[in-house]
Amino acid sequence: MRSTSMRRAPGHRASRRTAHCVWAVCAPLVLALLSGCTGDPDGAGGADKADGPGRVPRSAPATAVPDRDGTKLGQRVREALGTESIDDRDPLFVEAGVERVRDGIHARPELAPGTVYEVVVVCAGKGRISLSIGGERMRRGVRCDGVPTTRRTPGSREAVEIDATGEPGAAGMVGWRVSKVEE
């Protein structure tokens with residue numbers, strides 16, 4: 001009986017057909033590995049940008065809150081602010097909005113002098129935001145736990161600045177509501 005061994009004779013080369021089969025199997029694997037290792041040089045995540053026509057957008061970095069959660073967090077912020085039940089014809093309501101934490105709040109409402117206003121800010125997600133209202137910075141910032149932070153501020157001849165920026169590692173949604181305080 002003859003033994004069939006898989007050993008090649010010394011000096012034996014693989015056939016062209018074998019080489020083509022190896023490339024046909026390995027090339028897609030190499031390309032898949034290389035395409036999975038590309039990074040986002042600006043750190044923006046690229047979740048909102050497509051790489052080109054007909055291509056799928058890159059996934060967001062692991063530290064970002066996924067868009068499906070962004071919708072839920074935005075809803076949570078609106079509920080905490082109470083803006084879902086406000087009618088635009090409400091004489092006490094001034095303005096409100098919801099933004100991504102990475103975009104922050106940069107509102108400049110014009111608030112009449114002699115009137116007191118209530119500014120409510122809510123952040124939902126993870127981390128903290130730095131907050132300043134009318135140039136007065138809050139010492140400890142605001143946690144992104146969905147709990148409203150309220151400040152009263154007087155109106156001014158100049159627009160009152162409401163600024164919020166995410167601290168490192170913060171992600172989620174942040175919103176604000178400005179209303180007149182009843183006398």
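This report describes the fold, the strand pairing, the nonpolar cores, one arginine and the disulfide of a predicted model.

Residues are numbered from 1 along each chain as its sequence is written, and side-chain values use heavy atoms, with hydrogens and water left out. Because the model is predicted, local features need pLDDT of at least 70 and side-chain atom pairs count only at pLDDT 80 or more, while totals for chains, interfaces and linings use all residues.

**Overall fold**

The chain has two helices and eight strands. Helices (H or I, at least four residues) and strands (E, at least two) are DSSP runs, numbered from the N terminus. Along the sequence the order is α-α-β-β-β-β-β-β-β-β. Of the 183 residues, 28% are buried. Here buried means under 20% relative accessible area, exposed over 50%, and partly exposed in between (1.4 Å probe, protein chains only). The accessible surface of the chain is about 13000 Å², and carbon and sulfur atoms hold 52% of that. Accessible areas come from the Shrake-Rupley method with a 1.4 Å probe; for residues, only the protein chains shown count as cover. Among contacts (heavy atoms within 4.5 Å) between residues at least 6 apart in sequence, 73% join residues at least 24 apart.

**Strand pairing around E7**

Two strands pair if DSSP finds at least two bridges between them. Strand E7 covers residues 162-166.

| Strand paired with E7 | Residues | Direction | Bridges |
|---|---|---|---|
| E2 | 105-107 | antiparallel | three |
| E3 | 116-133 | antiparallel | five |

Individual partners can be named. Ala107 is bridged to Ile162 of E7. Leu131 has Ala164 of E7 as its bridge partner.

**Nonpolar cores**

A nonpolar core is a set of buried Ala, Val, Leu, Ile, Met, Phe, Trp, Tyr and Cys residues joined through side-chain atoms within 4.5 Å. The largest one has 21 residues. Ile105, Val121, Ile129, Leu131 and Ile162 have the most contacts inside it. E2, E3, E5 (142-145), E7 and E8 (171-180) each supply at least two residues of this core. E3 gives the most, seven residues. Leaving aside residues up to four places away in sequence, Leu131 touches Val121, Glu136, Arg137, Met138, Val142, Ile162, Asp163 and Ala164. Another core lies apart from the largest one; it has seven residues, among them Leu73, Val77, Val122 and Ala124. In soluble globular proteins, nonpolar side chains tend to be buried together.

**Arg151**

Arg151 lies in strand E6 (residues 149-154). Is Arg151 buried or partly exposed? Arg151 is partly exposed, with a relative accessible area of 24%. Beyond residues up to four places away in sequence, Arg151 touches Tyr117, Glu118, Val119, Ile133, Glu136 and Met138. The C-alpha atoms of Arg151 and Tyr117 are 8.4 Å apart, though the two residues are 34 apart in sequence. With Glu136, Arg151 makes a side-chain polar contact of 2.3 Å. A polar contact is a pair of N or O atoms within 3.5 Å; within protein, one must be able to donate a hydrogen and the other to accept it, and residues adjacent in sequence count only if both atoms are side-chain atoms.

**The disulfide**

The structure holds one disulfide, a pair of cysteine sulfur atoms within 2.5 Å. Cys123 and Cys144 form it, with their sulfur atoms 2.0 Å apart. The link is right-handed, with 75° about the S-S bond. Cys123 is in strand E3 and Cys144 in strand E5, so the pair ties together parts that are 21 residues apart in sequence. Both Cys123 and Cys144 are buried.
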